[in-house]
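Hi,

Have a look whenever you get a moment.

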Amino acid sequence: MALIDTRREYDHLFGIYVPIAIGVFALILVVMLAAVVIFRRRPAERAARWSEHNALEGSYAALLACVAAFLLYLTFTAEHRVDTVANRQRAAVVVNVIASKWEWTFTYPAYGFSVRSGTVGRQPLVVPAGEAVRFNLTSVDVIHAFWIPALRYKHDAIPGSTQVITLSFTKGVFAGQCAEFCGLRHPDMVFTAHAVSPASFGAWARSRGRGPTP
Amino acid sequence: MRGGAIPILAWGTILLVLAIGNWVWNDKTADGAAASAAVVIIYGFGVALWLARREAIRRGPPPPRTDAEAVPQASVSAMLIGLSVGCALFGLAWAKFLLYFGIAVFVLSVGRLIIELRAERSTRKHVVSEEEHR
Amino acid sequence: MGAQPGEGADPVSVATAPPARISRMTGWLGTLTSTDHKRMGLTLGGLSLLYFLLGGLFALLMRTQLAQSNMHFVSDNSYNELFTMHGSTMIYLFVTPMAIALAVYLVPLQIGATGISAPRLALAGLWTWICGGLIMQQGWFASGGAGRAGWSSYAPLSNGTNTPGVGQDLWVIGVILAAAGMAAMAGCVVATIARRRAPGMALLRMPVFTWTALVTVLMVVASFPILVLVMVLLYIDRHGGHIFTGFTGAIDYQDLFWFFGHPVVYVMFFPYLGAAAEAIAVCSHKRWFGYIAFVASMMAFAAMSTAVWSHHMYTTGGVTNQYFAFTSTLLLVPAGVEYFDAIGTLIGGALVLRTSMLFALTFFLQFLVGGLSGVFVASPVLDYQVYGTYMIVAHFHYTLFAGSIFGFFAGVYHWFPKFTGALLRERLGKLQLVLMVIGTNLTFFPMFFLGNDGMPRRVSRYPTHPGWGTLNELETIGAGIIALGVLVFLVNVWTSLRRRVPAGDDPWLGHTLEWATSSPPPPLNFDRPLPPISSYSPLLDLRHEEMDRGGEPAEVSAAR
């Protein structure tokens, strides 16, 4: 089974929603401007007296409902993949993410060590690229949100709960940050994610901790 | 007055349907409480209107009025009620004496409001009887 | 009975009781205690407008801080106060109360009533709201500063541990009072529509604005009590109550808050939609198109507002995302009907491009950007990326500022002659429009790119990504241009009131009853018998009859 890629799901939907939106905007803009140009400055008594056409309006509403159904179908399919199927994937590595004012703690339970990002994110989150990575999100104080903009995905870290999300990375360095206002130094609650090859990830993790438990 | 409760009850019914939909899909206490409160408030409003005048749920345009209508021009008590509530709650955050002062003014203004309302009612009766006399 | 409904003659016998000893107040006390709905509407609207200027000032300070990535114009703490108070001032003290002010002033006139129902309750509500606004702003003088947990003040961030201090308490109390006051006034408007329509004014003959006002006040009555309750609970929580604790507490707060918070979004939209609709219909010399469909879609639209709120919570993992995606996306149907009706009104009309008309047209076009981006964020997968970013800021400013505020100005240019008896200057109005269109799009359009690119909202500093600096500078310049536009508006009001051009009773050939009385209307609203009411535009009917009888065609006297 192919990895669920949040970026691809987002881009796919974006590529359908945004052109439709632009098309609708252009259509209404043109119709309104045309109406204004054609019907301006006529004498008042020439204004038409009709004021409804319920059959036309009803068909139009039905057409809109079809558009809504189409968009919902796309959204539901993508949402199912991102939220449900992703969490069913076998994860190569599990990271417990603890958000606190105003830093991130990434614990690798399989390797028995933690990394604290520190405020302004000096220490990176390291993950293997090309594999499913499971994050267990929680918070110790207020609501934060774990967000990596390049992956097109965020999820809240809420005190009193552990929420499970599964992401996959391509190789590279990604900026991450808190996306839910969390108080004084919210802008500084950032981190960096390094996605490296599984081999280098293993080497890095073993050098930091006691090695993977069988 | 005629038909006045119809849109309110109709809207309350749409709310009720949506609240049921929400309950079926989500079943959360806070949601359910908020949605039912909204339905109860709107239905309550509509039913109160209906109880006041039965024609509130009858269709059609309102007929010409025959009774006198009282239109007050000013009300010191109403202003004081608003101010005293504000004063009392401000007292919660700032100084306790304002809380007690606010409550006292509130009670006095409600008293004055009752006087105003009674005076208004007697004037309306007076006008109505004068008209009938004519 | 017996008489034809809507037949001329004195609509009601009126007792202007109670006796002089109690009721007759003169001078400033008379103004402050007046239970005349027009007086109350003007007071509420006037004060709201002052809060608009104050909230705008906060926005300018924020935009100055954000002009470059790492400015030190204000401190982090001040920035948090500024964005909290900007949102709170605009929402609780300007756009919402202004919507109610329009309803309080105009609804009794449009339905041919002598006043508002339960005027004392409305007056008490007005003063409660006034207290609420003043108390909220008192926070600026508190140690630790004003409210600084966002206009939505999510628990547990807003609790006593995470946001200590009197400023946040004052914010909570201010919101309680403002919401309770507005709920009281809204209740009076509901009762007015239910009880005091003039003879002949059947429900389906009520003007378009009155319908938008009716669904608005219904939403207020249904949802504002929940806000009051949430804020009372938050106050108790802040003082050792432990109410919104743990995961359930956090989610419950958001559920309850947004149960108010989404209806209020439409409260801040519908009356301005109604204002724009009236302006378009009158300036087209044509009845508003598709009345029945419009009324039905309004009712459905407003009711749906109580079924979509959790689309603000897709990323919490505590709500059924698909259900709320379903209801939220479905909103495009009633919204589309409005656009259909607006275009249907224009087609076949005789359009006069007055300032009010131009503002109404830009209202529809600019709101469309907000509406279409609303369909976008209604999709959970798309929202996962853009929630909490500048994309959301762009979306709701396109609905609230580029939409509602433009609708508000359409209403102001349309009804100012009725409110004051004087005309506003058209040339200044058009200058204002041009400045505001440029400023608005310059400020808010770049935000779509920034948000999609990863700039979170509610930050006083941001990383120096390529392009971000330029976009933010453009936004700051745009904010300045908007401010200039608002300044032109103030100058326009000032000159128009100082050197008055008398408006007459009906400068635009209006369609609805408020134009069938003097400007401003006398204390009991109508100084002459009401015309017969057989549709939602009775004055247009009269003109049509006159034309059919071969009378003089109505002059487009005020077409300038």
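Where chain C meets chain B, the contact draws on 74 residues of chain C and 62 residues of chain B; two residues are in contact if their C-beta atoms, placed from the backbone, lie within 7 Å. On the chain C side, β1 (13–15), α1 (20–23), α2 (27–32), α5 (119–138), α6 (166–195), α7 (208–241), α8 (246–267) and α10 (291–304) each supply at least two of the residues that touch chain B. Helices (H or I, at least four residues) and strands (E, at least two) are DSSP runs, numbered from the N terminus.

Please keep in mind that this is a predicted model: local features need pLDDT of at least 70 and side-chain atom pairs pLDDT 80 or more, while totals for chains, interfaces and linings use all residues. Residues are numbered from 1 along each chain as its sequence is written, and chains are lettered from A and ligands numbered from 1 in the order in which they are written.

Chain B itself is assigned domain 1 (6–57) and domain 2 (76–133), with bounds from an automatic or database domain assignment. The centres of these two domains of chain B, over C-alpha atoms, are 31 Å apart.

Now to chain A, which has three helices and ten strands. Their order from the N terminus is α-α-β-β-β-β-β-β-β-β-β-β-α. The C-alpha atoms of chain A fill a box of roughly 85 × 45 × 30 Å along the principal axes. In chain A, 70% of the contacts with a separation of 6 or more join residues 24 or more positions apart.

Best wishes
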